[in-house]
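This report walks through a two-chain structure. It takes the fold, then the interface, then some backbone details.

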2 protein chains.
Amino acid sequence: MKEIGIALLGMGNVGLGTYRILADHARDIERRLGARVRVRHILVREEGRARPEDVPAEIVTRSIDTLLADPEVAVVVEVMGGLSPAREYLERAIASGRHVVTANKALLTAHGEALFSQALARGVDLHFEAAVCGGIPIIRTLREALASDRVSSIHGIVNGTTNFILSAMADEGAAYGDALAQAQKLGFAEADPTLDVSGMDAAQKLCLLASLAFATRVSPQDVHVEGITSLLPVDISLGREAGYVLKLLAIAQRSSEGLDVRVHPAFIPSASPLADVRGAFNAVLLQSAALGASLFSGLGAGSLPTGSAVVADIIDICRNLLAGVSGRLPMLCPPYLQEAPRVPTVQRRGPFYLRFSVSDEPGVLGRIATVLGEKGVSLASVLQRPARPEDPHATIVVFTHTTREQDIQAAVQWIDALKSTRAPTQVIRIEEGPGVLRAGG
Amino acid sequence: MKEIGIALLGMGNVGLGTYRILADHARDIERRLGARVRVRHILVREEGRARPEDVPAEIVTRSIDTLLADPEVAVVVEVMGGLSPAREYLERAIASGRHVVTANKALLTAHGEALFSQALARGVDLHFEAAVCGGIPIIRTLREALASDRVSSIHGIVNGTTNFILSAMADEGAAYGDALAQAQKLGFAEADPTLDVSGMDAAQKLCLLASLAFATRVSPQDVHVEGITSLLPVDISLGREAGYVLKLLAIAQRSSEGLDVRVHPAFIPSASPLADVRGAFNAVLLQSAALGASLFSGLGAGSLPTGSAVVADIIDICRNLLAGVSGRLPMLCPPYLQEAPRVPTVQRRGPFYLRFSVSDEPGVLGRIATVLGEKGVSLASVLQRPARPEDPHATIVVFTHTTREQDIQAAVQWIDALKSTRAPTQVIRIEEGPGVLRAGG
């Protein structure tokens, strides 16, 4: 039986998951492929790192040169993470004519275009399914299944850490800090959770999804990003009373004016299929011209789910190798990526949730309602709650009709400057878009 | 720009959808492909059929010979439906070296192995994404994304007509006949709905999904099939009171003993992601070793969703043509398909819902409970409701703990023979499996 040699760069969580799936499913994979996949080298960086029992010592190396010098290595799989030396190693692998697989979204977001261009020029494949939502084959879906269609919007829950924290806050009424600590204890959040809770991790994934779906370059600086650190349990429970669930959404939306790309907490209707996506699960809801709505959901991270995506990419490249081809799929660089107009998020039109913390005195609601009216903000419902022992301020909550975001901003700026306002106003967008699975684009 | 010629066999709903997507998305497709797809012929059978304005007269033909004699036709797309002459036409297309796409699940279920074997021998591709759940790229997912994994179960809502009817019965308390009539009026059910409501359509789709997922031949005669025609609104409402939603499920489950493949109405927990799949939508929930649970949902049928799947297949084949390869993916015939042990559904173990129609007299519940106990059926909850004006019989409803199906059958046979039993007992399986998205296989 023909054998295809591969090398893994990295023996962390994803590297081990990849290695174990290749070992455990070897017979199935041979049958599907008609060839054997053999891990010839695993590159490790830290000398002291314990080698798991199921990894033979003779395939572990600390030298990228040894690995690249082996002519039997046809595919190089980068699962080490970080920008450097991952970038240099991938560049050297591509330059040497190796096909490459990477699970490294940070690297692709920062230097993807250079890497894809290099791979295109060298005639090798660069696969990256595992870089976005490990357990969901969304890259493959956008690259292949949706190649026939015209995507109009992406609504994604693409960060398991924040989804876990928001689920815990909703279920247990936990404060953000407590929910974060719980997530850290259970291994769903890192010691330094900044990348996740700031929304930046979701933004990186969204860049890759939106670039692919809309065939245009989307960089992190194009994305309007808000994290979850300022959310309070009271927002979640007030939203729930009105029939909404709070999620950190990654959204890309194409209109006749251009593309709006953003990551922020949003209220979605509790009947939305995204509302049921809980804990460590991810989901992506697409709207496209021919298919209408389609939903893809699965585990977003983890050794085996992400490893499974890496192995699917390896199999795909092996199928190409056995058929003697490469470059079947478009690369995330020109000519596939082209310029397209952008719409800043401040031009978004949609409903909003506003929570005002005010002094408990007569006339406050009147002043706030007057400012909102003057700025053209139309109210759908209003709730006022007096000061309570645990909260010395009165609370006014407003759900608006569809409003221009810049009008909301102007009104809130004004209201936050009022003497009766006791804390900055909480502003949360309401997204009705992913409401229910609807037919039609 | 290079041009790839294709021919469509059929100008019905799916044929027109395919033609229109190729026309409307021509520029996007050119960009993704680096080549132009041109429809050179559309084969029609009925002379009298009106030609839509957007289809030029010169590409419409009634001769398969003319079409196959055109050397510029590289891909033949069968969207005519039916077994004959679709089979002969596809065989002739394959024999002449054309790559083929088909949306014809009935044909693939009946004669797929012969067609796939022929394509394999001739070295051409045979793609069939549109044959199962038009708007969900589930064939591609199983063929490619899951190639790295080991699927343990499939739970699918794969028939939009029955899902629409059951949704209407649940929402409006409509009787089966009224809900069917409504579905027919709205175009969600055919004049002769037998194939759908009997579960046979779902069984055909399940055969293709299970063959692919488990790499073994699954034929309709291997599938235990029950339809929805005997379901009553009272079953739906009694199930709902216990936290269940009634769906027609297509299930394939692999255990150490073998593969169990079945289509039947089932109660699933209302928290299940499948419970929210409503109306014309389809969904497939996979459990696999590495990925854990993953869910795919979208429109199951319709001109554009199905056409979109056909066009995705066309693009895939064009990518192969441009790269000069074929046969990258396994064909649904040996050597990919191999023998695997089967488990008859009667060996299933799981909970059940039983509704007994009995005479309203003392001692009946005692007799039924005694029979159930003697047959080893353990009860989780019991509800007894007296005769009412609209129903002259008393109703006893039992939710069982996990039970062997053959024990249930033996008990029900016994109970249905009792003098106090007024109508055949309604037996509905409860599937906790697709309860919630869970981690792990």
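Two strands count as paired if DSSP finds at least two bridges between them. Helices (H or I, at least four residues) and strands (E, at least two) are DSSP runs, numbered from the N terminus. With that rule, strand S1 (residues 3-9) of chain A is joined to strand S2 (residues 36-43) of chain A by seven bridges, and the two run parallel. Within S2(A), Arg36(A) is the bridge partner of Glu3(A).

This is a predicted model: local features need pLDDT of at least 70, side-chain atom pairs count only at pLDDT 80 or more, and totals for chains, interfaces and linings use all residues. Residues are numbered from 1 along each chain as its sequence is written, chains are lettered from A and ligands numbered from 1 in the order in which they are written, and side-chain values use heavy atoms, with hydrogens and water left out.

**Fold**

Chain A has 14 helices and 18 strands. Its radius of gyration is 24 Å, close to the 22 Å that the globule rule gives for 441 residues, so chain A is as compact as a globular protein of that length. The radius is taken over C-alpha atoms, and the globule rule is 2.2 Å times the number of residues to the power 0.38. Along the principal axes, the C-alpha atoms of chain A fill a box of roughly 80 × 45 × 35 Å.

Strands of a sheet pair through backbone hydrogen bonds, either parallel or antiparallel. In chain A, six strands make an open sheet in the order S3-S2-S1-S4-S5-S6, with parallel pairing. Its edge strands are strand S3 (60-61) and S6 of chain A; each pairs on one side only.

Chain B has an open sheet of six strands, ordered S3-S2-S1-S4-S5-S6, and the pairing is parallel. At the edges are strand S3 (60-61) and strand S6 (126-127) of chain B, each pairing on one side only. Strand S1 (residues 3-9) and strand S4 (residues 73-78) of chain B pair in the parallel sense over five bridges. There, Ile6(B) has Val75(B) in S4(B) as its bridge partner.

**Interface**

How many residues of each chain are in contact? The counts are 55 residues of chain A and 54 residues of chain B, where contact means heavy atoms within 4.5 Å. The area buried between the chains is about 4,700 Å², and carbon and sulfur atoms give 54% of it. Buried area is the accessible area (1.4 Å probe) that two parts lose on being put together, summed over both. Arg31(A), Arg32(A) and Arg328(A) supply 16% of the area that chain A buries against chain B, more than any other three residues.

A salt bridge is a side-chain nitrogen of Lys or Arg within 4 Å of a carboxyl oxygen of Asp or Glu. The whole structure has 54 salt bridges over all chains. Six salt bridges cross the interface of chain A and chain B. Two pairs between the chains are listed here.

| Residue in chain A | Residue in chain B | N to O distance |
|---|---|---|
| Arg328(A) | Asp316(B) | 3.1 Å |
| Arg150(A) | Asp28(B) | 3.0 Å |

In the second pair, Arg150(A) sits in the loop between H6 and strand S7 (151-157) of chain A, and Asp28(B) is in helix H2 (residues 26-33) of chain B.

The two chains also pair strand to strand. S12(A) and strand S12 (residues 292-299) of chain B run antiparallel over five bridges. Leu295(A) stands opposite Ser297(B) in S12(B).

**Backbone details**

Most residues other than glycine have a negative phi, and most peptide bonds are trans. Some places in this model depart from that pattern. The peptide bond from Ser84(A) to Pro85(A) is cis, with omega near 10°. Pro85(A) lies in the loop between strand S4 (73-78) and helix H4 (86-95) of chain A. In chain B, the bond from Pro334(B) to Pro335(B) is cis, with omega near 5°. Pro335(B) is in the loop between helix H12 (303-323) and strand S13 (349-350) of chain B. Cys133(A), a residue other than glycine, has a positive phi near 50°. Cys133(A) is in the loop between strand S6 (126-127) and H6 of chain A.
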